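Please read them with the sequence and the model open.

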Amino acid sequence: MKELQHLNKYFLKYKSRLLFGILITIIARIFLLFTPQLIRKSINVVDDYRNGLVTDMTIVKTELFENILYIIGAALVAGVFTFLMRQTIINVSRFIEFDLKNEIYQQYQKLSLNFYKKNRTGDLMNRISEDVGRVRMYAGPAIMYSINTFTLFVIALIYMYNQAPKLTLYTVLPLPILSIAIYKLSKEIHKRSTIVQEYLSKLSTFTQESFSGVSIIKAYGIESQTSANFDSLSTASKEKQLSLVRVQALFFPMMVLLIGLSNLLVIYVGGMQYINGEIESLGTIAEFIIYVNMLTWPVATVGWVTSIIQTAEASQKRINDFLKLVPEIKNNSEAPSVIEGHIAFKNVSFTYDDTNIEALKGVSFTVNQGETLAIIGKTGSGKSTILDLIGRLYDISSGQLFVDHKAIDQINLKSLRDSIGYVPQDAFLFSDTINNNIKFGKEDATNDEVIQAAKYAQVHDNIIGFNQGYNTVLGERGITLSGGQKQRVSIARAIIKAPQILLFDDCLSAVDTETEEKILNNLKKVTKGKTTIIVSHRVSSAKNANKIIVLDDGKIVQHGTHESLIQNPGYYKDLYLKQSSEKV
Ligand SMILES: Nc1ncnc2c1ncn2[C@@H]1O[C@H](COP(=O)(O)OP(=O)(O)OP(=O)(O)O)[C@@H](O)[C@H]1O
């Protein structure tokens, strides 16, 4: 129960609803327990008439009529209160589920990239959906059934004990067995349903991948192999389902068997006691039979609830493991600041802690506010890493990184990120309209601004060529853009934000050189006064920059301007000569 203590703050938040729910549960049970007593009284009055203790038929009829009315009344009141009980306690569990999901989501947002690399997406999704769902079972049904069982049991036992103490003992004797049996069964059901869930998610991952990779499957002609893999996976899944169903099928027969046993015991022991004169009336036996039936389900739930709590505890532990994580990238300054865009790397080194790859080794350079820096270098030389460090997606391992002459980790994180427009290497677009994808950079942008940004990114003509224009939906439900179109929409998204620092990570690689030229010319207009860093494999993207650095294996091996670099032998000149000859 230690892990579940995390929920206490939510129980406190909803304490009045919860207390109201508990009160209602108690009232509902009290009314429910009137019925057995009224039935006993009804049977007794009939018995008394038959034995000649009551001779007036009208007295019998009146009492029976009154009892029937009371039974209906009590059932109605109990029904209404049971409805309210669910409306309060189960609702509270839904509120807690909502709060917990939000809490986890907020935490996910705070955690750094490293966290996402260490944990699989499926696992993150599971904790926010499946695990929260299991915890909800504790916050709602488990609590409701526990109160229900406790109240019913205590009140019923008092009534029963007052009527017939010995019979009470025999009646409740089989109930713990029922409880233990249900507990064992619930655990087994849970174990098997977890396996079923695992197989279901394997199946859905498999189908999702084969749909996304359908072009590869068809191109390689491996449909039959894929079908065979699917077949074996779904057969295994079916077998797990069947094994779950087998155990589930035991649940109700077992309950019926144990209820039957208890009933037999009441009739036998009660009958003997009636014959011996230990019990005054037949009505008591009828009353006890109803109690047994009433108590069976609540007692069975003790076993069920125990297994729910154990499962919830395990799920909450998995959730707490993530909630307890401290984000690696911390905001060390509450005061927002205006970023001007001066960037200085001083002997910066950086090692990715998961792979231990030292991506940057003692890198130093400066970009003044409003300048453009181009970074050229072989693949894997550390170019993207530089951009990631400027956006503080990672913190440097050693050296110093200054923005506006201030250590980057001492700048308000939101201000820093607000001032950056980043176009990643793999353009990511949401399954939404093109308009909204561009607006993502500036939510309150007008349509004119969106169009202007798209024009600067040289993608406007493509967009208006689609039937729905800017309202064209992208992604799974919509159309697929070409690699170059995606890159340009992604550039428009950065441009519309008009940030002080623009980071372009090889984002023109999929456009032809003519379009590249046009975009670069447009960028000159939009990036006026802004600090711009362009990562590229092409000299054409770098040549107009104020400064160019050439990276090799995490180190700066050349730096200068286009003019100076083409004068000196080295990677840049070789690249320039190679790419110039390709153009010809
Ligand atoms: N997220 C990461 N986790 C671990 N190692 C990484 C990560 N990203 C990059 N690396 C490693 O760091 C080194 C530098 O990578 P980086 O992406 O900065 O190079 P790059 O110059 O941008 O390459 P490319 O031109 O192919 O995009 C590479 O060896 C790469 O394998």
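**Notes on the strands, the ligand shell and the domains**

1. β9 pairs with strand β10 (residues 555-560) in the antiparallel sense, over five bridges. Two strands pair if DSSP finds at least two bridges between them; helices (H or I, at least four residues) and strands (E, at least two) are DSSP runs, numbered from the N terminus. Within this pair, valine 550 is opposite glutamine 558 in β10.

2. The model is predicted: local features need pLDDT of at least 70, side-chain atom pairs count only at pLDDT 80 or more, and totals for chains, interfaces and linings use all residues. Residue numbers start from 1 along each chain as its sequence is written.

3. The hairpin of β9 and β10 has two residues between the strands, and aspartate 553 there has a positive phi near 50°.

4. β9 (residues 547-552) also pairs with strand β3 (residues 372-377), in the parallel sense and over five bridges. Here alanine 374 faces isoleucine 548 in β9.

5. Around the ligand there are 15 residues, of which Tyr352, Thr379, Lys383, Ser384 and Thr385 come nearest; a residue counts as near if its C-beta atom, placed from the backbone, lies within 6 Å. β2 (357-367) and α12 (383-390) each supply at least two residues of this shell, and the largest share, three residues, comes from α12.

6. The protein chain is divided into domain 1 (3-323), domain 2 (330-419 + 501-554) and domain 3 (425-498), with bounds from an automatic or database domain assignment. Between the C-alpha centres of domain 1 and domain 3 the distance is 51 Å.
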